[in-house]
Amino acid sequence: MSKIHIGNPITLQSFMDVVRNREKIDFTEEYKERVNRSRSLVERWVEEGRVMYGITTGFGANSTRTISKNDAVKLQRNIIITHSTSVGQPMSDEEVRGTMLMVLQNAGRGYSGVRLETLSRYKDFLNMNLIPYAPKEGSVGYLAPEAHIALAVMGEGKMIHEGQIVDAISILKKHGLGEYELSYKEGLILVSGTTGVTAMAAIALYDIIKAVKTADIIGAMTLEVAKGTVRAFDERLMSVRGHKEQQETAENLRRILHDSGIAKEYYHYRLQDALSIRCIPQLHGAAKKTLYDAQKTLEIEMNSCTDNPIVWGENGDGEAISGGNPDSSFIGLEMDSAAMAATMVAKMSERRNNRLIDGNLSENPWFLVNNPGLNSGLMIPQYTQAGLLNDMKILSTSSVIDNIPTCGNQEDYVAMGYNAAKKAIVIAEKLEYILAIELLSAYQSYQYLDKKLKRSSATEAVYNKIAETVPVMEEDMYLYPHIEKLRELIHSGEILRIVEDIVGVIK
(Lines give C-alpha, C1' and ligand atoms only; values in the text may rest on other atoms or scores of the structure.)
Protein backbone atom coordinates (compact mmCIF):
# COMPACT_ATOMS: atom_id res chain seq x y z
CA MET A 1 0.00 0.00 0.00
CA SER A 2 1.38 3.41 -0.96
CA LYS A 3 2.08 5.96 1.74
CA ILE A 4 1.78 9.72 1.90
CA HIS A 5 5.24 11.15 2.50
CA ILE A 6 5.22 13.81 5.17
CA GLY A 7 7.84 16.43 4.43
CA ASN A 8 6.43 17.32 1.05
CA PRO A 9 3.84 20.11 0.92
CA ILE A 10 0.46 18.85 2.10
CA THR A 11 -2.87 19.88 0.54
CA LEU A 12 -6.39 19.86 1.93
CA GLN A 13 -7.08 16.67 -0.02
CA SER A 14 -3.95 14.83 1.16
CA PHE A 15 -4.73 15.94 4.72
CA MET A 16 -8.16 14.31 4.44
CA ASP A 17 -6.66 11.20 2.83
CA VAL A 18 -4.72 10.65 6.05
CA VAL A 19 -7.29 11.91 8.54
CA ARG A 20 -10.51 10.46 7.11
CA ASN A 21 -9.34 7.76 4.71
CA ARG A 22 -6.58 6.58 7.05
CA GLU A 23 -3.83 6.40 4.47
CA LYS A 24 -0.49 5.48 5.99
CA ILE A 25 2.28 8.05 6.27
CA ASP A 26 6.07 8.05 6.25
CA PHE A 27 8.78 10.70 6.52
CA THR A 28 10.88 11.86 3.59
CA GLU A 29 14.65 11.83 4.01
CA GLU A 30 14.61 15.63 3.89
CA TYR A 31 12.11 15.64 6.74
CA LYS A 32 14.38 13.50 8.88
CA GLU A 33 17.41 15.63 8.09
CA ARG A 34 15.63 18.86 9.01
CA VAL A 35 14.42 17.45 12.32
CA ASN A 36 17.79 15.96 13.29
CA ARG A 37 19.62 19.17 12.39
CA SER A 38 17.43 21.37 14.59
CA ARG A 39 17.55 18.84 17.41
CA SER A 40 21.34 18.88 17.50
CA LEU A 41 21.24 22.64 17.99
CA VAL A 42 18.89 22.40 20.99
CA GLU A 43 21.04 19.75 22.66
CA ARG A 44 24.18 21.82 22.17
CA TRP A 45 22.56 25.00 23.46
CA VAL A 46 21.27 23.26 26.59
CA GLU A 47 24.79 21.98 27.25
CA GLU A 48 26.08 25.54 26.84
CA GLY A 49 23.55 26.80 29.38
CA ARG A 50 21.79 29.23 27.08
CA VAL A 51 18.64 30.91 28.33
CA MET A 52 15.85 29.91 25.91
CA TYR A 53 12.12 30.44 26.36
CA GLY A 54 10.28 27.24 27.28
CA ILE A 55 13.49 25.22 27.18
CA THR A 56 15.50 26.62 30.08
CA THR A 57 12.82 29.04 31.31
CA GLY A 58 9.24 28.71 32.48
CA PHE A 59 6.28 29.42 30.24
CA GLY A 60 4.13 32.51 29.70
CA ALA A 61 4.32 34.86 32.66
CA ASN A 62 6.93 32.48 34.18
CA SER A 63 9.33 33.13 31.30
CA THR A 64 11.54 35.16 33.66
CA ARG A 65 12.19 32.03 35.78
CA THR A 66 15.33 30.16 34.74
CA ILE A 67 15.26 26.34 34.77
CA SER A 68 18.43 24.36 35.45
CA LYS A 69 19.75 21.82 32.97
CA ASN A 70 18.86 19.04 35.42
CA ASP A 71 15.23 20.17 35.52
CA ALA A 72 14.85 20.88 31.80
CA VAL A 73 13.45 17.41 31.05
CA LYS A 74 11.06 17.52 34.00
CA LEU A 75 9.85 20.90 32.72
CA GLN A 76 8.60 19.24 29.53
CA ARG A 77 6.56 16.64 31.38
CA ASN A 78 5.19 19.33 33.65
CA ILE A 79 3.88 21.36 30.74
CA ILE A 80 1.96 18.34 29.46
CA ILE A 81 0.34 17.31 32.73
CA THR A 82 -0.56 20.86 33.79
CA HIS A 83 -1.90 21.88 30.38
CA SER A 84 -4.21 18.86 30.01
CA THR A 85 -7.19 20.85 31.28
CA SER A 86 -9.70 20.97 28.42
CA VAL A 87 -13.03 19.44 29.41
CA GLY A 88 -16.32 18.12 28.07
CA GLN A 89 -16.95 15.81 25.15
CA PRO A 90 -13.85 14.46 23.39
CA MET A 91 -12.58 15.41 19.98
CA SER A 92 -13.74 13.07 17.24
CA ASP A 93 -11.32 10.51 15.83
CA GLU A 94 -10.82 12.72 12.78
CA GLU A 95 -10.11 15.80 14.89
CA VAL A 96 -7.53 13.93 16.97
CA ARG A 97 -5.88 12.41 13.90
CA GLY A 98 -5.83 15.80 12.22
CA THR A 99 -4.17 17.42 15.22
CA MET A 100 -1.48 14.74 15.35
CA LEU A 101 -0.84 15.14 11.63
CA MET A 102 -0.50 18.90 12.07
CA VAL A 103 1.97 18.35 14.93
CA LEU A 104 4.07 16.33 12.48
CA GLN A 105 3.84 19.08 9.88
CA ASN A 106 4.58 21.86 12.37
CA ALA A 107 7.57 20.21 14.02
CA GLY A 108 8.81 18.65 10.80
CA ARG A 109 9.62 21.99 9.23
CA GLY A 110 12.90 21.75 11.10
CA TYR A 111 12.58 24.79 13.35
CA SER A 112 11.41 23.14 16.57
CA GLY A 113 14.27 21.09 17.95
CA VAL A 114 12.19 17.99 18.63
CA ARG A 115 13.64 14.49 18.41
CA LEU A 116 12.78 12.34 15.39
CA GLU A 117 11.87 9.53 17.82
CA THR A 118 9.12 11.67 19.31
CA LEU A 119 7.65 12.50 15.90
CA SER A 120 7.89 8.83 14.95
CA ARG A 121 5.73 8.10 17.97
CA TYR A 122 3.02 10.37 16.53
CA LYS A 123 3.46 8.73 13.14
CA ASP A 124 2.93 5.30 14.73
CA PHE A 125 -0.24 6.50 16.42
CA LEU A 126 -1.62 7.63 13.06
CA ASN A 127 -0.60 4.50 11.18
CA MET A 128 -2.03 2.24 13.90
CA ASN A 129 -5.10 4.48 14.28
CA LEU A 130 -4.54 4.87 18.02
CA ILE A 131 -6.85 7.63 19.25
CA PRO A 132 -5.88 9.66 22.34
CA TYR A 133 -8.70 10.93 24.51
CA ALA A 134 -8.76 14.71 24.16
CA PRO A 135 -11.64 16.69 25.69
CA LYS A 136 -12.63 19.37 23.21
CA GLU A 137 -13.90 22.34 25.21
CA GLY A 138 -11.83 25.09 26.73
CA SER A 139 -9.09 26.04 24.29
CA VAL A 140 -8.23 29.56 23.16
CA GLY A 141 -6.18 28.34 20.21
CA TYR A 142 -3.68 25.76 21.47
CA LEU A 143 -2.34 23.99 24.59
CA ALA A 144 -5.06 21.95 26.33
CA PRO A 145 -6.50 19.42 23.83
CA GLU A 146 -3.03 19.03 22.35
CA ALA A 147 -1.67 18.31 25.84
CA HIS A 148 -4.22 15.52 26.38
CA ILE A 149 -3.03 13.98 23.10
CA ALA A 150 0.62 14.26 24.13
CA LEU A 151 -0.16 12.73 27.52
CA ALA A 152 -1.58 9.64 25.80
CA VAL A 153 1.45 9.46 23.51
CA MET A 154 3.60 9.44 26.65
CA GLY A 155 1.53 6.56 28.04
CA GLU A 156 0.19 8.59 30.97
CA GLY A 157 -3.15 9.76 29.60
CA LYS A 158 -6.30 8.15 28.26
CA MET A 159 -7.30 6.72 24.91
CA ILE A 160 -10.51 5.82 23.10
CA HIS A 161 -10.65 2.10 22.41
CA GLU A 162 -13.78 0.41 21.04
CA GLY A 163 -15.86 3.33 22.22
CA GLN A 164 -14.51 3.25 25.77
CA ILE A 165 -12.13 5.57 27.63
CA VAL A 166 -9.19 3.48 28.82
CA ASP A 167 -5.70 4.01 30.23
CA ALA A 168 -3.35 4.72 27.36
CA ILE A 169 -0.62 2.43 28.65
CA SER A 170 -2.85 -0.64 28.36
CA ILE A 171 -3.40 0.01 24.66
CA LEU A 172 0.20 0.93 24.00
CA LYS A 173 1.46 -2.35 25.45
CA LYS A 174 -0.87 -4.29 23.14
CA HIS A 175 0.81 -2.55 20.20
CA GLY A 176 4.37 -3.07 21.40
CA LEU A 177 4.72 0.45 22.74
CA GLY A 178 5.43 1.53 26.30
CA GLU A 179 5.76 4.76 28.24
CA TYR A 180 7.72 7.53 26.61
CA GLU A 181 9.74 10.34 28.20
CA LEU A 182 9.97 13.72 26.57
CA SER A 183 13.21 15.66 26.36
CA TYR A 184 14.19 19.34 26.06
CA LYS A 185 11.70 21.52 24.16
CA GLU A 186 9.42 18.61 23.26
CA GLY A 187 6.56 19.25 25.64
CA LEU A 188 6.37 22.79 24.35
CA ILE A 189 6.22 21.91 20.65
CA LEU A 190 3.58 19.24 21.26
CA VAL A 191 1.15 21.77 22.77
CA SER A 192 2.18 24.92 20.92
CA GLY A 193 1.24 26.17 17.50
CA THR A 194 -2.02 26.19 15.56
CA THR A 195 -2.15 22.42 15.18
CA GLY A 196 -5.61 21.77 16.65
CA VAL A 197 -7.07 24.91 15.08
CA THR A 198 -5.74 24.02 11.63
CA ALA A 199 -6.88 20.40 11.90
CA MET A 200 -10.47 21.25 12.77
CA ALA A 201 -10.56 24.03 10.19
CA ALA A 202 -9.39 21.64 7.49
CA ILE A 203 -12.06 19.06 8.29
CA ALA A 204 -14.79 21.70 8.37
CA LEU A 205 -13.65 23.46 5.22
CA TYR A 206 -13.36 20.22 3.25
CA ASP A 207 -16.93 19.29 4.10
CA ILE A 208 -18.34 22.78 3.53
CA ILE A 209 -16.74 23.07 0.08
CA LYS A 210 -18.12 19.66 -0.87
CA ALA A 211 -21.58 20.58 0.42
CA VAL A 212 -21.64 23.90 -1.45
CA LYS A 213 -20.65 22.23 -4.72
CA THR A 214 -23.40 19.66 -4.09
CA ALA A 215 -25.78 22.55 -3.45
CA ASP A 216 -25.34 23.50 -7.13
CA ILE A 217 -26.71 20.06 -8.04
CA ILE A 218 -29.57 20.19 -5.56
CA GLY A 219 -30.42 23.73 -6.64
CA ALA A 220 -30.53 22.56 -10.26
CA MET A 221 -32.92 19.78 -9.29
CA THR A 222 -35.15 22.25 -7.47
CA LEU A 223 -35.18 24.55 -10.50
CA GLU A 224 -36.12 21.62 -12.70
CA VAL A 225 -39.07 20.47 -10.59
CA ALA A 226 -40.18 24.05 -9.88
CA LYS A 227 -40.51 24.75 -13.64
CA GLY A 228 -37.81 27.36 -13.36
CA THR A 229 -35.96 29.01 -16.21
CA VAL A 230 -32.28 28.68 -16.97
CA ARG A 231 -32.34 32.10 -18.65
CA ALA A 232 -31.04 33.59 -15.41
CA PHE A 233 -27.81 31.59 -15.92
CA ASP A 234 -27.20 32.81 -19.47
CA GLU A 235 -23.49 33.13 -20.21
CA ARG A 236 -24.02 36.65 -21.60
CA LEU A 237 -25.67 37.75 -18.38
CA MET A 238 -22.86 36.27 -16.32
CA SER A 239 -20.18 37.91 -18.46
CA VAL A 240 -21.13 41.45 -17.45
CA ARG A 241 -20.28 40.79 -13.81
CA GLY A 242 -16.65 39.88 -13.35
CA HIS A 243 -16.79 37.37 -10.49
CA LYS A 244 -15.25 34.11 -11.69
CA GLU A 245 -17.02 32.01 -9.06
CA GLN A 246 -20.44 33.34 -10.10
CA GLN A 247 -19.68 32.59 -13.75
CA GLU A 248 -18.45 29.10 -12.95
CA THR A 249 -21.48 28.32 -10.80
CA ALA A 250 -23.80 29.38 -13.63
CA GLU A 251 -21.79 27.15 -15.94
CA ASN A 252 -22.27 24.26 -13.50
CA LEU A 253 -26.03 24.76 -13.59
CA ARG A 254 -26.11 24.98 -17.38
CA ARG A 255 -24.11 21.77 -17.70
CA ILE A 256 -26.25 19.93 -15.16
CA LEU A 257 -29.46 20.89 -16.97
CA HIS A 258 -28.23 21.07 -20.56
CA ASP A 259 -30.25 18.06 -21.77
CA SER A 260 -33.25 18.48 -19.48
CA GLY A 261 -36.53 18.12 -21.34
CA ILE A 262 -38.24 19.69 -18.33
CA ALA A 263 -36.03 22.79 -18.42
CA LYS A 264 -36.58 23.17 -22.16
CA GLU A 265 -40.36 22.87 -21.76
CA TYR A 266 -40.53 25.57 -19.10
CA TYR A 267 -37.87 27.90 -20.49
CA HIS A 268 -40.47 30.65 -21.02
CA TYR A 269 -42.91 29.55 -18.31
CA ARG A 270 -42.07 32.55 -16.12
CA LEU A 271 -40.39 35.83 -16.89
CA GLN A 272 -38.19 35.30 -13.85
CA ASP A 273 -38.01 33.06 -10.81
CA ALA A 274 -37.77 33.92 -7.13
CA LEU A 275 -34.36 35.01 -5.90
CA SER A 276 -33.66 31.70 -4.15
CA ILE A 277 -33.59 30.06 -7.61
CA ARG A 278 -32.49 32.89 -9.88
CA CYS A 279 -29.57 33.96 -7.63
CA ILE A 280 -27.94 30.56 -7.15
CA PRO A 281 -24.82 31.65 -9.10
CA GLN A 282 -24.57 34.89 -7.18
CA LEU A 283 -24.84 33.40 -3.68
CA HIS A 284 -23.17 30.04 -4.24
CA GLY A 285 -20.43 31.85 -6.18
CA ALA A 286 -19.81 34.32 -3.36
CA ALA A 287 -19.67 31.46 -0.86
CA LYS A 288 -17.17 29.56 -3.01
CA LYS A 289 -14.90 32.58 -3.27
CA THR A 290 -14.83 32.87 0.51
CA LEU A 291 -14.21 29.14 0.90
CA TYR A 292 -11.44 28.96 -1.69
CA ASP A 293 -9.74 31.99 -0.15
CA ALA A 294 -9.89 30.12 3.16
CA GLN A 295 -8.40 27.03 1.53
CA LYS A 296 -5.40 29.02 0.27
CA THR A 297 -4.78 30.38 3.75
CA LEU A 298 -5.26 26.99 5.33
CA GLU A 299 -2.80 25.24 3.05
CA ILE A 300 -0.17 27.87 3.81
CA GLU A 301 -0.75 27.27 7.53
CA MET A 302 -0.54 23.49 7.07
CA ASN A 303 2.94 23.84 5.64
CA SER A 304 4.24 26.40 8.15
CA CYS A 305 6.03 26.29 11.47
CA THR A 306 3.81 27.85 14.14
CA ASP A 307 6.01 26.94 17.08
CA ASN A 308 7.43 29.29 19.72
CA PRO A 309 10.33 29.66 20.01
CA ILE A 310 11.74 28.56 16.68
CA VAL A 311 15.21 27.08 16.40
CA TRP A 312 17.11 29.07 13.78
CA GLY A 313 20.47 27.64 12.82
CA GLU A 314 21.11 28.86 9.31
CA ASN A 315 23.38 31.80 10.18
CA GLY A 316 26.43 31.45 12.36
CA ASP A 317 25.89 29.85 15.75
CA GLY A 318 22.12 29.91 15.54
CA GLU A 319 19.48 31.27 17.88
CA ALA A 320 16.21 30.34 19.60
CA ILE A 321 13.83 33.12 18.52
CA SER A 322 10.67 33.73 20.52
CA GLY A 323 7.64 35.40 18.96
CA GLY A 324 3.95 34.91 18.24
CA ASN A 325 3.61 32.34 15.47
CA PRO A 326 1.09 30.22 17.47
CA ASP A 327 -1.45 33.03 17.00
CA SER A 328 -4.56 31.68 15.24
CA SER A 329 -5.82 34.85 13.56
CA PHE A 330 -5.29 33.69 9.99
CA ILE A 331 -7.34 30.53 10.47
CA GLY A 332 -9.85 32.10 12.85
CA LEU A 333 -10.80 34.90 10.47
CA GLU A 334 -11.15 32.50 7.57
CA MET A 335 -13.31 30.04 9.51
CA ASP A 336 -15.60 32.77 10.85
CA SER A 337 -16.05 33.80 7.22
CA ALA A 338 -16.55 30.19 6.08
CA ALA A 339 -19.24 29.75 8.71
CA MET A 340 -21.11 32.77 7.37
CA ALA A 341 -20.74 31.54 3.79
CA ALA A 342 -22.16 28.13 4.71
CA THR A 343 -25.05 29.74 6.56
CA MET A 344 -25.91 31.89 3.55
CA VAL A 345 -26.05 28.80 1.33
CA ALA A 346 -28.23 27.09 3.95
CA LYS A 347 -30.68 29.99 4.15
CA MET A 348 -31.15 29.91 0.38
CA SER A 349 -31.65 26.13 0.45
CA GLU A 350 -34.35 26.44 3.11
CA ARG A 351 -36.18 29.04 1.02
CA ARG A 352 -36.01 26.84 -2.09
CA ASN A 353 -37.37 23.94 -0.09
CA ASN A 354 -40.19 26.10 1.21
CA ARG A 355 -41.20 26.95 -2.37
CA LEU A 356 -41.45 23.24 -3.18
CA ILE A 357 -43.71 22.33 -0.25
CA ASP A 358 -45.94 25.44 -0.35
CA GLY A 359 -48.94 24.55 -2.49
CA ASN A 360 -49.51 28.20 -3.36
CA LEU A 361 -46.05 28.45 -4.91
CA SER A 362 -45.32 24.97 -6.24
CA GLU A 363 -48.57 24.23 -8.12
CA ASN A 364 -48.39 20.83 -6.39
CA PRO A 365 -50.32 19.44 -3.41
CA TRP A 366 -49.37 21.05 -0.11
CA PHE A 367 -46.29 19.43 1.45
CA LEU A 368 -45.89 17.20 -1.62
CA VAL A 369 -48.32 14.50 -0.53
CA ASN A 370 -51.67 13.39 -1.83
CA ASN A 371 -54.63 13.99 0.45
CA PRO A 372 -53.00 16.70 2.59
CA GLY A 373 -54.70 17.07 5.93
CA LEU A 374 -54.86 13.36 6.57
CA ASN A 375 -51.19 13.35 5.57
CA SER A 376 -48.56 15.85 6.75
CA GLY A 377 -46.16 14.91 3.97
CA LEU A 378 -42.99 17.01 4.00
CA MET A 379 -44.37 19.68 6.31
CA ILE A 380 -42.14 19.03 9.29
CA PRO A 381 -38.71 18.62 7.64
CA GLN A 382 -38.91 22.35 6.91
CA TYR A 383 -39.31 22.87 10.67
CA THR A 384 -36.09 20.88 11.05
CA GLN A 385 -34.42 23.19 8.55
CA ALA A 386 -35.65 26.19 10.53
CA GLY A 387 -34.18 24.85 13.76
CA LEU A 388 -30.88 23.95 12.11
CA LEU A 389 -30.67 27.31 10.37
CA ASN A 390 -31.29 29.15 13.61
CA ASP A 391 -28.37 27.22 15.13
CA MET A 392 -26.20 28.11 12.17
CA LYS A 393 -26.99 31.79 12.52
CA ILE A 394 -25.99 31.69 16.19
CA LEU A 395 -22.78 29.82 15.31
CA SER A 396 -21.98 32.37 12.61
CA THR A 397 -21.31 35.00 15.25
CA SER A 398 -17.58 35.72 15.03
CA SER A 399 -15.23 34.12 17.53
CA VAL A 400 -12.15 36.16 16.71
CA ILE A 401 -13.64 39.53 17.57
CA ASP A 402 -13.70 38.46 21.24
CA ASN A 403 -10.78 38.88 23.61
CA ILE A 404 -10.23 37.35 27.06
CA PRO A 405 -6.66 37.79 28.34
CA THR A 406 -4.82 34.76 29.77
CA CYS A 407 -1.54 33.88 31.48
CA GLY A 408 -1.46 36.78 33.92
CA ASN A 409 -1.81 39.24 31.03
CA GLN A 410 1.31 37.95 29.30
CA GLU A 411 -1.21 36.85 26.68
CA ASP A 412 -3.29 40.01 26.88
CA TYR A 413 -4.66 39.52 23.37
CA VAL A 414 -6.05 36.12 22.36
CA ALA A 415 -7.18 35.37 18.78
CA MET A 416 -9.80 32.68 19.66
CA GLY A 417 -9.30 30.87 16.36
CA TYR A 418 -9.93 27.51 18.01
CA ASN A 419 -13.61 28.25 18.59
CA ALA A 420 -13.97 29.58 15.04
CA ALA A 421 -12.70 26.26 13.69
CA LYS A 422 -14.64 24.17 16.20
CA LYS A 423 -18.01 25.72 15.38
CA ALA A 424 -17.33 25.46 11.64
CA ILE A 425 -17.36 21.67 11.98
CA VAL A 426 -20.84 21.85 13.51
CA ILE A 427 -21.97 24.24 10.79
CA ALA A 428 -20.75 21.87 8.07
CA GLU A 429 -22.95 19.07 9.40
CA LYS A 430 -26.00 21.31 9.73
CA LEU A 431 -25.55 22.55 6.17
CA GLU A 432 -25.51 18.95 4.94
CA TYR A 433 -28.80 18.23 6.72
CA ILE A 434 -30.48 21.35 5.36
CA LEU A 435 -29.43 20.43 1.83
CA ALA A 436 -30.59 16.85 2.39
CA ILE A 437 -34.08 18.08 3.22
CA GLU A 438 -34.22 20.22 0.08
CA LEU A 439 -33.05 17.20 -1.89
CA LEU A 440 -35.82 15.10 -0.38
CA SER A 441 -38.43 17.66 -1.46
CA ALA A 442 -36.99 17.89 -4.96
CA TYR A 443 -37.02 14.10 -5.25
CA GLN A 444 -40.65 13.89 -4.13
CA SER A 445 -41.65 16.74 -6.47
CA TYR A 446 -40.75 14.84 -9.63
CA GLN A 447 -43.86 12.68 -9.28
CA TYR A 448 -46.04 15.68 -10.13
CA LEU A 449 -44.35 16.57 -13.42
CA ASP A 450 -45.48 15.35 -16.82
CA LYS A 451 -43.92 11.90 -17.19
CA LYS A 452 -43.31 12.56 -20.87
CA LEU A 453 -40.78 15.23 -19.94
CA LYS A 454 -37.30 13.89 -19.31
CA ARG A 455 -35.01 14.86 -16.48
CA SER A 456 -31.46 15.81 -17.40
CA SER A 457 -28.96 12.99 -17.52
CA ALA A 458 -27.35 14.31 -14.32
CA THR A 459 -30.53 14.80 -12.32
CA GLU A 460 -31.83 11.45 -13.58
CA ALA A 461 -28.71 9.72 -12.21
CA VAL A 462 -29.14 11.40 -8.81
CA TYR A 463 -32.85 10.56 -8.78
CA ASN A 464 -32.11 6.89 -9.52
CA LYS A 465 -29.48 6.74 -6.77
CA ILE A 466 -31.94 8.13 -4.22
CA ALA A 467 -34.67 5.76 -5.45
CA GLU A 468 -32.52 2.79 -4.42
CA THR A 469 -33.37 3.49 -0.78
CA VAL A 470 -36.01 6.24 -0.61
CA PRO A 471 -39.54 5.49 -1.89
CA VAL A 472 -41.71 8.10 -3.56
CA MET A 473 -44.07 9.18 -0.79
CA GLU A 474 -47.72 8.43 -1.55
CA GLU A 475 -48.83 8.76 2.06
CA ASP A 476 -47.13 9.64 5.35
CA MET A 477 -44.02 7.62 6.13
CA TYR A 478 -41.17 7.60 8.61
CA LEU A 479 -38.88 10.32 7.23
CA TYR A 480 -35.90 10.35 9.59
CA PRO A 481 -33.98 7.44 8.01
CA HIS A 482 -34.38 8.97 4.56
CA ILE A 483 -33.04 12.34 5.70
CA GLU A 484 -30.04 10.58 7.22
CA LYS A 485 -29.44 8.61 4.03
CA LEU A 486 -29.55 11.73 1.87
CA ARG A 487 -27.23 13.56 4.23
CA GLU A 488 -24.77 10.67 3.97
CA LEU A 489 -24.91 10.84 0.16
CA ILE A 490 -23.92 14.52 0.45
CA HIS A 491 -21.29 14.02 3.17
CA SER A 492 -19.59 11.11 1.40
CA GLY A 493 -19.44 13.04 -1.87
CA GLU A 494 -21.46 10.37 -3.65
CA ILE A 495 -23.91 12.81 -5.27
CA LEU A 496 -21.02 14.96 -6.43
CA ARG A 497 -19.25 11.92 -7.92
CA ILE A 498 -22.39 10.77 -9.73
CA VAL A 499 -22.90 14.12 -11.42
CA GLU A 500 -19.24 14.76 -12.19
CA ASP A 501 -19.06 11.41 -13.97
CA ILE A 502 -21.68 12.81 -16.37
CA VAL A 503 -20.99 16.54 -16.75
CA GLY A 504 -17.37 16.88 -15.61
CA VAL A 505 -15.92 18.67 -12.61
CA ILE A 506 -18.31 20.88 -10.64
CA LYS A 507 -16.36 24.12 -10.27
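Me: What volume does the largest pocket have?
Reply: This is a predicted model, in which local features need pLDDT of at least 70 and side-chain atom pairs count only at pLDDT 80 or more, while totals for chains, interfaces and linings use all residues. Residues are numbered from 1 along each chain as its sequence is written, and side-chain values use heavy atoms, with hydrogens and water left out. On a 1 Å grid over the protein atoms alone, a pocket is an open set of points with protein on both sides within 12 Å along at least five of seven lines, whereas a cavity is a set where a 1.4 Å probe fits but cannot get out. Grid points are joined across faces, edges and corners, a volume is the space filled by probe spheres set on the points, and for the largest pocket it is about 720 Å³.

Me: Which element gives the largest share of the lining of the largest pocket?
Reply: Lining residues have an atom within 4 Å of a point, and 33 of them line this pocket, with Tyr 53, Tyr 142, Leu 143, Pro 326 and Glu 411 nearest its centre. Helices (H or I, at least four residues) and strands (E, at least two) are DSSP runs, numbered from the N terminus. Two or more lining residues come from each of α3 (72–83) and α8 (186–191). The largest share, 3 residues, comes from α3.

Me: How many charged residues are in the lining of the second largest pocket?
Reply: This pocket holds about 380 Å³ of space. Of its 19 lining residues, Gln 13, Tyr 206, Lys 210, Lys 213 and Leu 496 are the closest to its centre. Ala, Val, Leu, Ile, Met, Phe, Trp, Tyr, Cys and Pro count as nonpolar, Asp, Glu, Lys and Arg as charged, and the others, Gly among them, as polar. The lining divides into 6 nonpolar, 7 polar and, as charged residues, 6.

Me: Which element gives the most residues to the lining of the largest cavity?
Reply: The count comes to 1 cavity of 30 Å³ or more, and about 50 Å³ of space lies in the largest cavity. The elements that give two or more residues to its lining are α4 (93–107), α9 (195–225) and α14 (280–302). With 3 residues, the one that gives the most is α4.

Me: Is Gln 444 buried or exposed?
Reply: Gln 444 sits in helix α18 (residues 417–445), where 26 of the 29 residues are buried. Beyond its neighbours within four places in sequence, Gln 444 has contacts (heavy atoms within 4.5 Å) with residues including Leu 368, Val 470 and Met 477. Buried means under 20% relative accessible area, exposed over 50%, and partly exposed in between (1.4 Å probe, protein chains only). The relative accessible area of Gln 444 is 0%, so Gln 444 is buried.

Me: How far apart are the end C-alpha atoms of α18?
Reply: The expected span of a helix is 1.5 Å times one less than its number of residues. For the 29 residues of α18 this should give 42 Å, and the distance between the end C-alpha atoms agrees, at 42 Å.

Me: Which residue in β6 stands opposite Ile 131?
Reply: Three strands form an open antiparallel sheet in the order β4-β6-β7; two strands pair if DSSP finds at least two bridges between them. The edge strands, β4 (131–132) and β7 (164–167), each pair on one side only. β4 is joined by 2 bridges to β6 (residues 158–161). In β6, the residue opposite Ile 131 is Ile 160.
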